[in-house]
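Hello,

Here is the structure I promised to pass on to you. Have a look at it first, and my notes on the side-chain contacts follow below.

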Amino acid sequence: MQASWGSSFKGTGTIRNATIPACVLRDPGNSEPSDLVSCDLVFRNGTLIQVAPAANLPEASGGLDLDNGLVLPALVDLHTHLDKGHIWPRASNPDGTFMGAMQAVDRDRSKNWSAEDVRVRMEFGLRCAYTHGTAVIRTHLDSSPLQDEITWPLFCEIRTEWAGRVELQGVCLFGIHRLAADDQYLGRIASRVQAAGGILGAATYMVPDLDRYLEAMFRAAMEHALDLDFHVDETLDPSGMTLRHIAETALRLGFQGKIVCGHCCTLSVQPDDEVDRTLDLVAKAGIAVVTLPVSNLYLQDRVMGRTPRRRGVTLLHEMRSRGIDVVVASDNTRDPFCAYGDLDLIEVYAQATRTLHLDHPVGDWVRSITTTPADIMGISAGWIGAGESADLILFRARNWNELLSRPNGPRHVLRAGCSIDKDLPDFRELDHHMHMGAQRP
């Protein structure tokens, strides 16, 4: 008997007439990566056992007829800030600028970021991401002294509690200039990150002795067998070239780990010859780049009373033409660095498509929120195929135009073949917590 759209799955089932991007199929057959393929799916006890061309299943097998609706694998968000999320009601950005965000977060962190406070907000964000269909998240964690002693142990607890729903990776975050003030800090934080199975990271700026600090970061990563993830050139000052310095350092030291650089906004305002030199080095060093369109559009080129001219998103097309791995991710949500967002990667991907022209053709850009970040993180996720977990998002939209026109339209999320609670947490849940102010001990 044919099931309705509202069917609830409990680990075993059949989905007919699904439309799946070939680029996320483990076995795309003769399809091109840009193709949309009509498939039937069968899963049992949470695992896909058959992904076949549509209309190949016997009629008696029943199941849900998706009527050509899109199916995507569960999503992978490579760059978030779960520990900052949802402080906006008590720590808004006074002027919408980057400096205003820095100062507002610094004040709120020093006053409010107890273990209780960080836990409530991180779990709220995770519930949102899970409901929207995200299965894997990498989060940057503010790791200044004292805060790291609160946040990292808590992160490890939450990661264990959320295992099987959202897999988590943590990245330490501090301004690289901190290394000038405390020559013991890097060793301490690298050891903490290593013990937590995390990633070593920092926000980089064109500060004096940048190359010395970068070399120290790379050497600490090599000593502790860690990958690296940097915030890079989050400005529209064309003199910002820390991305090039990172690539040069990686090549000089022969670094063998993975490197991710986020933002890279200055590339959008630099001369073509400067861009070419930098991106050639980035490609040679094997650096992956993640763009954060929602936050960059919010912060960059903001001047009171003037319409923004330059939007700050980085050069994804030029990167991909060189074979550089590129990723789209959420970044901040409802905090001073971005007043909006809900950790919905479909919404973010739609924003990226419109802003960065990831269309005509759409091609295989959806890999930027599925297979590519999963590969970078070393996690098996983002694919659809026999033997894979039945972690799927079912849409009423039948093609890219419909999905990108209505990214917040109906969707049904399956994890291990089971339908999940589709209700998003209500922002009102945070009201009491925001108003009482969770004072740090």
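Predicted model: local features only at pLDDT ≥ 70, side-chain atom pairs only at ≥ 80, totals over all residues.

Searching the whole structure gives 27 salt bridges.

Aspartate 364 and arginine 320 meet through their side chains at 2.8 Å, N to O. This is again a link between distant parts of the chain: aspartate 364 is in the loop between helix 11 and helix 12 (371-377), arginine 320 is in helix 10 (residues 316-320), and 44 residues separate them. With a relative accessible area of 18%, aspartate 364 is buried, whereas arginine 320, at 32%, is partly exposed.

Glutamate 402 and arginine 398 form a salt bridge too, at 2.7 Å from N to O. Glutamate 402 has a relative accessibility of 25% and counts as partly exposed; arginine 398 is also partly exposed, at 44%.

Now to the rings. How many aromatic pairs are there? The count comes to 10. In one of them, the ring centres of phenylalanine 98 and phenylalanine 337 are 5.5 Å apart and the planes are at 70 degrees, so this pair is edge-to-face. Phenylalanine 98 lies in helix 1 (residues 98-112), and phenylalanine 337 in the loop between strand 14 (326-328) and helix 11 (345-356), so the pair ties together parts that are 239 residues apart in sequence. Phenylalanine 98 is partly exposed, with 22% relative accessible area, while phenylalanine 337 is buried at 8%. Elsewhere, Phe218, Phe230 and Phe255 make up one aromatic cluster.

Finally, there are contacts between charges and rings. Arginine 302 has its charged end over the ring of tyrosine 298, 4.6 Å from the centre of that ring. Arginine 334 lies over the face of phenylalanine 427, and here the distance to the ring centre is 4.4 Å.

Happy to go through any of this with you.

Best wishes

Key: Residues numbered from 1 in each chain as written. Heavy atoms only, no water. Phe/Tyr/Trp six-rings, centres within 6.5 Å; stacked < 30°, edge-to-face > 60°. Helix = DSSP H or I, 4+ residues; strand = E, 2+ residues; numbered from the N terminus. Buried < 20%, exposed > 50% of the residue type's maximum accessible area, 1.4 Å probe, protein only. Lys NZ or Arg CZ within 6 Å of the ring centre and 35° of its normal. Salt bridge = Lys/Arg side-chain N within 4 Å of Asp/Glu carboxyl O.
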